[in-house]
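Subject: Handover of a structure, with notes on what was found

Dear colleague,

Please find below the structure that I am handing over to you, followed by my notes. I would be grateful if you could read the notes with the structure open beside them.

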Amino acid sequence: MLQIQNISKKFDGALAVDDVSLDIPKGEIFALLGASGSGKSTLLRMLAGFEKPSSGQIILAGQDITDLPPYERPINMMFQSYALFPHMTVEQNIAYGLKQDNLPKQEIKAKVHEMLNLVHMTQYARRKPHQLSGGQRQRVALARSLAKQPRLLLLDE
Ligand SMILES: Nc1ncnc2c1ncn2[C@@H]1O[C@H](COP(=O)(O)OP(=O)(O)OP(=O)(O)O)[C@@H](O)[C@H]1O
């Protein structure tokens, strides 16, 4: 499913990621562990397309995605802070990504309903992020990521 081939990243000459190769099968939950500053976030950011590798390739489901911009990758990344839109309700946050895809309204509504159910947040649909606990916000962010059915979900802590 995911092949990372000899990926390296240099920042101003300093190696943040040094020749990493990984082969991850479909359906696998893979955890990347390492000391603070060892390059975990940098590797994830390269997979998501936010950072350009200095060398190496990323192959997803047979396609070389190394040079694709983030929005063209079937990948979703969740950050350490949840990055919900503060002025939008829970359901608007979940619907946001789907609206970008120009799905029919009825389909968006059904998908939002399904995602709210999945993360047990149906009763909070009309609340804004600041009215939720930290864990509830993280569940909304997860619902928003999964709504788009990415082939690969990257979770940075
Ligand atoms: N934009 C940048 N410019 C220069 N150096 C950077 C940049 N981003 C990260 N680094 C450096 O690259 C190295 C790897 O950082 P990274 O954030 O990938 O580590 P991490 O393993 O995710 O750490 P943590 O567990 O502390 O979050 C660190 O030494 C960091 O200082």
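The UniProt annotation "domain: ABC transporter", which comes from an unreviewed entry, covers residues 2–157; UniProt positions are given in the numbering used here, feature names are shortened, and annotations may be inferred rather than shown by experiment. This is a predicted model, in which local features need pLDDT of at least 70 and side-chain atom pairs count only at pLDDT 80 or more, while totals for chains, interfaces and linings use all residues. Residues are numbered from 1 along each chain as its sequence is written.

Overall layout

The protein has four helices and six strands, where helices (H or I, at least four residues) and strands (E, at least two) are DSSP runs numbered from the N terminus. Read from the N terminus, the order of the elements is β-β-α-β-β-β-α-α-α-β. The C-alpha trace spans about 50 × 30 × 25 Å along its principal axes, and the end C-alpha atoms of the annotated span, residues 2–157, lie 20 Å apart, with 31% helix and 24% strand in that span. A division into domain 1 (2–71) and domain 2 (90–155) is given, the bounds coming from an automatic or database domain assignment, and the C-alpha centres of domain 1 and domain 2 lie 27 Å apart.

Of the 157 residues, 25% count as buried; a residue is buried if 20 or more other C-beta atoms lie within 10 Å of its own, exposed if 12 or fewer, and partly exposed in between, with C-beta atoms placed from the backbone. Among contacts between residues at least 6 apart in sequence, 61% join residues at least 24 apart, a contact being a pair whose C-beta atoms, placed from the backbone, lie within 7 Å.

Leaving aside residues up to four places away in sequence, Ala143 touches Ile94, Met115, Leu116, Leu118, Val119 and Met121.

Gly49, whose phi is positive, near 95°, follows α1. In α2, the buried residues are Val90, Glu91, Asn93, Ile94, Ala95 and Leu98, and the buried residues of α2 pack against α3 and α4. Asn102, with a positive phi near 60°, follows α2.

The ligand shell

Around the ligand are Phe11, Ala16, Gly34, Ser36, Gly37, Ser38, Gly39, Lys40, Ser41 and Thr42, a residue being counted if its C-beta atom, placed from the backbone, lies within 6 Å. The largest share of this shell, three residues, comes from α1. By class, the shell has two nonpolar, seven polar and one charged residues, where Ala, Val, Leu, Ile, Met, Phe, Trp, Tyr, Cys and Pro count as nonpolar, Asp, Glu, Lys and Arg as charged, and the others, Gly among them, as polar.

Individual residues

Ile65 is found in the loop between β4 (63–64) and β5, and is partly exposed, with 19 other C-beta atoms within 10 Å; residues up to four places away in sequence aside, Ile65 touches Ile58, Leu60 and Arg73. Pro69 is found in the loop between β4 and β5 and is exposed, with 9 other C-beta atoms within 10 Å. Asn6 lies in strand β1 and has a phi near 50°, a positive value in a residue other than glycine. Gln149, in the loop between α4 and β6, has a positive phi near 45° and is exposed, with 10 other C-beta atoms within 10 Å.

With best regards

Technical notes
Contact = placed C-beta atoms within 7 Å.
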